[in-house]
Amino acid sequence: MNRLALAVDPLEHTPPSVDREVKKSADPVLVSLSDVHLSFGAAPVLNGINLSVRRGEAVSIIGPSGSGKSTILRCINGLIAPQHGEIRVDGIDVRAQHTDAQKIALRKRIGFVFQQYNLFPHLSVLANLTIAPVSVLGRSRAEAEHDAHALLKKVRLADKAHAYPGELSGGQQQRVAIARTLAMRPDLILFDEVTSALDPETVGEVLNVIGELVDDGQTCVLVTHEMRFAEDVSDEVFFTEGGVIVEHGEPSQIFGAPDNDRTRLFLQRARGEDRRALRKRSRSNAALALATL
Ligand code: ADP
Ligand code: MG
């Protein structure tokens, strides 16, 4: 283990309260937000969010732009702190993680995949996947490379280990970014609209990979505009608007028989957009097929 890893090892300088924390880790609930309120300056953005995610579950957050979805994710991994409420991840009080070492220890356990993949352009795919496990987690290079090859196989990019990000399509780069996140063996992965910036023909391959992770039991919170995907993979769906959770429930209920008019209206609009996106995807697939004849 290298010095950096030692510096941020959560087991170092174990506080006396850790026994309680360890016992809590047997709790089926991995993430919980209770009455979370957050304002940016005078502008209220989250107005009493309650949400919980059990181990092995996939939870989706859907809702209009600006409704607070990304802010919820950023609160979960401690990137921003709400003014009020409680957030726990595996029993750890996220708001009480004040030092850099505490914050890093928390974030090592929570993967975050964004719309922008942010791969290192000057490093090969393999090096992108091994740099953090080696330098942050202190794994040996051989072990990290072994893991990286297995993960590339999982995201169906086994033949791209020595490629550079610039040589890959957006969908391939996003799959590398997902593999890079998995390389840290996180307890939880937060996905924030990871397909929004992709060419339509590469969206499906990324959603398939995420769907397989969910099937494998990876705990996930997904912010997505892909309604069919959310319906397919989620154990529970939360609909947000104006910084509140308007409605939540099983996907069959939320998508099939929403209780709230706001949810119904949002889904009607989103389905219209979904249909347009699907038409665009099938047009570009047809164009691709023609081009390769
Ligand atoms: P969503 O992900 O649902 O589109 P966000 O969580 O990104 O919504 O944003 C919710 C609201 O908070 C928006 O009105 C946005 O402009 C505002 N907001 C987000 N981040 C900041 C910030 N760092 N400073 C000020 N306002 C912000
Ligand atoms: Mg957002």
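Biologist: Among contacts in the protein chain between residues at least 6 apart in sequence, what share joins residues at least 24 apart?

Modeller: The share is 66%, where a contact means that C-beta atoms, placed from the backbone, lie within 7 Å. This is a predicted model, in which local features need pLDDT of at least 70, side-chain atom pairs count only at pLDDT 80 or more, and totals for chains, interfaces and linings use all residues. Residues are numbered from 1 along each chain as its sequence is written, while chains are lettered from A and ligands numbered from 1 in the order written.

Biologist: Why is H5 called oblique to H6?

Modeller: Helix H5 (residues 125-135) and helix H6 (residues 141-154) pack at about 130°, with axes 9 Å apart. Axes are lines fitted to C-alpha atoms over the stretch in contact, and angles run from 0 to 180 degrees between N-to-C directions. Under 35 degrees is roughly parallel, over 145 roughly antiparallel, 65 to 115 roughly perpendicular and the rest oblique; therefore H5 is oblique to H6.

Biologist: What makes up the contact of H5 with H6 by class?

Modeller: Nine residues are nonpolar, one is polar and three are charged. Nonpolar covers Ala, Val, Leu, Ile, Met, Phe, Trp, Tyr, Cys and Pro; charged covers Asp, Glu, Lys and Arg; the others, Gly among them, are polar.

Biologist: Which classes occur in the shell around ligand 1?

Modeller: Two residues are nonpolar, seven polar and one charged. Among them are Phe40, Gly63 and Lys69. Helix H3 (residues 69-76) supplies the largest share, three residues.

Conventions:
Near = placed C-beta within 6 Å. Helix = DSSP H or I, 4+ residues; strand = E, 2+ residues; numbered from the N terminus. Contact = placed C-beta atoms within 7 Å.
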